[in-house]
Amino acid sequence: KILFPSAVFDAELAKDQKERIKDTRMAQPLLGIVDLAIANFLQSLGIQPDMVAGHSYGELPALCFAGSFEAEELVDLSAKRAKSILDAVENGDPGTMLAVSAKPEELTPFMNGLAVYPVNFNSPLQCVVAGTTADIQQLSTLLKTAKVSFRALEVACAFHSPVVAKSKDLYQEVLSTVPFNDLQIPVWSNTTAKPYPIEASAIKTRLTDHLVKPVLFVDELNDMYEAGARIFIEVGPGK
């Protein structure tokens with residue numbers, strides 16, 4: 001009902017459908033279902049990856065596909081990941097995010113004195129910043145004046161930033177009750193841009209750090225390339 005809702009012909013109903021799927025408590029499990037389903041489908045065709053990675057939330061289904069935990073756990077771990085992030089929000093402001101067409105060093109002068117942080121290094125020419133709602137709005141005004149291109153992201157809160165710092169401990173509690181296995185396929189980490197440790201206990205530690213640390217996606221892909229990756233297949237729902 002949420003992932004493939006019935007067709008509607010009313011703007012208000014269409015907006016309601018979009019809001020329901022955008023709720024991070026719903027969006028994260030749904031992303032996981034789609035990611036894992038397509039990865040398993042490709043595997044059934046004989047397409048077996050030498051290594052895997054995920055972007056932000058996608059790192060969780062990547063770990064699942066690599067054998068870190070059972071597929072039956074993915075939806076619950078995804079929903080509880082979202083809850084840990086939302087429960088970490090203080091002062092009633094979940095914050096928000098902007099995708100900016102600029103290098104991180106070009107953004108630094110605009111962020112001085114603001115509770116805004118570079119959190120997703122998505123490409124050499126794009127950086128996502130996260131922060132409090134008021135400071136992100138202030139940054140938007142500064143970028144607009146300077147004619148720097150940016151886009152507000154439709155997100156539930158300021159992911160991967162100090163705004164959700166408490167989520168690390170909250171998610172650690174969640175993971176402590178779930179049995180993890182050693183990895184069967186190398187998984188690259190957003191947090192270090194290097195492969196995850198193989199051991200189950202170390203994987204849990206890295207996974208909780210992941211919630212509050214930036215996504216080093218450019219460095220991660222470069223490191224995978226250095227390790228021999230030449231064909232990259234994006235497995236997920238796209239836009």
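**Strand pairing, salt bridges and burial in a predicted model**

Q: Which residue of strand 3 is the bridge partner of Tyr-117?
A: In this predicted model, Tyr-117 has Ala-130 in strand 3 as its bridge partner. Val-116 likewise has a bridge partner in strand 3, namely Gly-131.

Q: What makes strand 2 and strand 3 a pair?
A: Strand 2 and strand 3 (residues 126–131) share six bridges in the antiparallel sense. Pairing requires at least two bridges between two strands, so the six bridges meet the criterion. The two strands form a hairpin, with two residues between them.

Q: How do you know that strand 1 also pairs with strand 3?
A: Five bridges join strand 1 to strand 3, and the two run antiparallel. Within strand 3, Gly-131 stands opposite Thr-96.

Q: What is the order of the strands in the open sheet, and which are its edge strands?
A: The sheet has four strands in the order 2-3-1-4, with antiparallel pairing. Its edge strands are strand 2 (116–123) and strand 4 (150–152), each of which pairs on one side only. On average, neighbouring strands of this sheet are turned by 25° against each other, direction ignored.

Q: Where does helix 5 lie relative to the strands?
A: Helix 5 (residues 104–111) lies across strand 1 (96–100), strand 2 and strand 3. The helix runs at about 30° to strand 3. Strand 3 is mostly covered, with five of its six residues buried.

Q: Why is the contact of Lys-18 and Glu-154 called a salt bridge?
A: The N to O distance between the side chains is 3.4 Å. A salt bridge requires a side-chain nitrogen of Lys or Arg within 4 Å of a carboxyl oxygen of Asp or Glu, so the Lys-18 and Glu-154 pair qualifies. By this rule the count comes to eight salt bridges.

Q: What does the pair of Lys-18 and Glu-154 tie together?
A: Lys-18 belongs to helix 1 (residues 11–22), whereas Glu-154 belongs to the loop between strand 4 and helix 7 (167–176), so the pair ties together parts that are 136 residues apart in sequence.

Q: Why are Lys-18 and Glu-154 called partly exposed?
A: Buried means under 20% relative accessible area and exposed means over 50%. Lys-18 has 46% relative accessibility and Glu-154 has 48%. Both values fall in between, so both residues count as partly exposed.

Q: What makes Glu-19 and Lys-22 a salt bridge, and where do they lie?
A: Their side chains meet at 3.3 Å, N to O, which is within the 4 Å limit. Both residues lie in helix 1, three residues apart, about one turn of the helix. Glu-19, at 38% relative accessibility, counts as partly exposed, as does Lys-22 with 27%.

Q: How do you know that Asp-76 and Lys-80 form a salt bridge?
A: The N to O distance between their side chains is 3.1 Å, again within 4 Å. Both lie in helix 4 (residues 74–87), four residues apart, about one turn of the helix. Asp-76 is partly exposed at 36% relative accessibility, and Lys-80 is partly exposed with a value of 36%.

Q: Is Ser-68 buried or exposed, and what is in contact with Ser-68?
A: Ser-68 has 0% relative accessibility; the cut-off is under 20%, so Ser-68 counts as buried. The residue is placed in the loop between helix 3 (59–65) and helix 4. Leaving aside neighbours within four places in sequence, Ser-68 is in contact with Leu-63, Pro-179, Phe-180, Asn-181, Leu-183 and Ile-203.

Q: Why is Ile-231 called exposed?
A: Its relative accessible area is 75%, and the limit is over 50%, so Ile-231 counts as exposed. Ile-231 is found in the segment after helix 9 (217–226). Together with Phe-41, Leu-45, Ile-47 and Ile-233, Ile-231 forms a nonpolar patch on the surface, with about 550 Å² of accessible area together.

Q: What is the phi of Ser-56, and is Ser-56 buried or exposed?
A: Ser-56 has a positive phi of about 55° although it is not a glycine. Ser-56 lies in the loop between helix 2 (24–44) and helix 3. With a relative accessible area of 15%, which is under 20%, Ser-56 is buried.

Q: What is the phi of Ala-193, and why is Ala-193 called buried?
A: Ala-193, which is not a glycine, has a positive phi of about 65°. Ala-193 lies in the loop between helix 7 and helix 8 (200–209). At 5% relative accessibility, under the 20% cut-off, Ala-193 therefore counts as buried.

Notes: Residues numbered from 1 in each chain as written. Predicted model: local features only at pLDDT ≥ 70, side-chain atom pairs only at ≥ 80, totals over all residues. Heavy atoms only, no water. Axes fitted to C-alpha atoms, helices over the stretch in contact; angles between N-to-C directions. Contact = heavy atoms within 4.5 Å. Patch = residues over 30% accessible without salt bridge, like charges linked within 9 Å, V, L, I, M, F, W, Y side chains within 5 Å. Areas by Shrake-Rupley, 256 points an atom, 1.4 Å probe, with all protein chains shown as cover. Buried < 20%, exposed > 50% of the residue type's maximum accessible area, 1.4 Å probe, protein only.
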